[in-house]
Amino acid sequence: MDFSDILKEAVEKVDGAVAAMILASDGIPVQEFVSEKLIDLTGLGAEASAMIRDVGYAAENLGLGQAREFSIVSDTCGIIMRKINDDYYFSLVIKPEGNYGKGRYVLKTMIPRIEHEF
């Protein structure tokens, strides 16, 4: 399936969002949409697998159950990662001054629209 419309919609709905990507939990990118390049999404994919694994271990060790979402906010941008299922994640890259709350909401509401495709 082509997710380009969903990825573009996610970026357009969130003030400050510049890229969206679906990636496998092993970091392999499935598809991406970029309106402005703030970071290397290939690098994000490569680092994502380690982040997903580490966040999962931390949640498990703390007795929190499965981690469904996590984020990183830096000087350059913020990255919100939300689980589609055990094998895939939806990520949104937002400028530092962007609307992170809306970004989290948009990811949460878009995943039910695509999760049946995985």
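Predicted model: local features only at pLDDT ≥ 70, side-chain atom pairs only at ≥ 80, totals over all residues.
Buried here means under 20% relative accessible area, exposed means over 50%, and partly exposed is what falls in between, with a 1.4 Å probe and protein chains only. Residues are numbered from 1 along each chain as its sequence is written, and side-chain values use heavy atoms, with hydrogens and water left out.

**Val11 and helix α1**

- Val11 sits in helix α1; helices (H or I, at least four residues) and strands (E, at least two) are DSSP runs, numbered from the N terminus.
- Contact means heavy atoms within 4.5 Å. Setting aside neighbours within four places in sequence, Val11 is in contact with Ala17, Val18, Ala19, Ala20, Phe33, Ser35 and Leu92.
- Val11 and Val34 are 23 residues apart along the chain, and their C-alpha atoms are separated by 8.3 Å.

**How α1 and α3 pack**

- Two packed helices are described by the angle between their axes and the distance between the axes.
- For α1 and α3, that angle is about 160° and the axes are 10 Å apart. Axes are lines fitted to C-alpha atoms, for helices over the stretch in contact, and angles run from 0 to 180 degrees between N-to-C directions.
- The two helices, α1 and α3, are therefore roughly antiparallel to each other. The cut-offs are under 35 degrees for roughly parallel, over 145 for roughly antiparallel and 65 to 115 for roughly perpendicular, with the rest oblique.
- The crossing of α1 and α3 is right-handed, meaning that the near helix is turned clockwise from the far one by less than a right angle, with anticlockwise being left-handed.
- On the α1 side, Ile6, Glu9, Ala10 and Lys13 meet Lys102, Val106, Met110, Arg113 and Ile114 of α3.

**Arg113 at that packing**

- Arg113 belongs to helix α3 (residues 100-114) and counts as partly exposed at 40% relative accessibility.
- Not counting residues up to four places away in sequence, Arg113 touches Ile6 and Glu9.
- The side chains of Arg113 and Glu9 are joined by a polar contact of 3.0 Å. A polar contact is a pair of N or O atoms within 3.5 Å; within protein, one must be able to donate a hydrogen and the other to accept it, and residues adjacent in sequence count only if both atoms are side-chain atoms.
- Arg113 and Ile6 are 107 residues apart along the chain, with C-alpha atoms separated by 8.8 Å.

**Nonpolar cores**

- A nonpolar core is a set of buried Ala, Val, Leu, Ile, Met, Phe, Trp, Tyr and Cys residues joined through side-chain atoms within 4.5 Å.
- The largest one has 20 residues, of which Phe90, Leu92, Ile94 and Ile114 touch the most other members.
- At least two residues of this core come from each of α1 (4-13), β1 (17-24), β4, β5 (88-94) and α3. The largest share, 6 residues, is from α3.
- A second, separate core of 15 residues includes Ala19, Met51, Met81 and Tyr89.

- Met51 is in helix α2 and counts as buried at 19% relative accessibility.
- Leaving out residues up to four places away in sequence, Met51 touches Leu44, Phe70 and Ile72.
- Gly45 is also found in helix α2 (residues 41-61), and it counts as buried at 0% relative accessibility.
- Beyond its neighbours within four places in sequence, Gly45 is in contact with Met21, Leu23 and Gly27.
- The C-alpha atoms of Gly45 and Gly27 are separated by 4.3 Å, with the two residues 18 apart along the chain.

**Polar side chains on strands**

- Lys83 lies in strand β4 (residues 78-85) and is buried, with a relative accessible area of 17%.
- The side chain of Lys83 makes a polar contact of 3.4 Å with the side chain of Gln66.
- Apart from neighbours within four places in sequence, Lys83 is in contact with Gln66, Ala67, Arg68, Tyr88, Tyr89 and Ile111.
- Gln31 is in strand β2 (residues 29-34), and a polar atom of its side chain lies 2.8 Å from the backbone nitrogen of Phe3.
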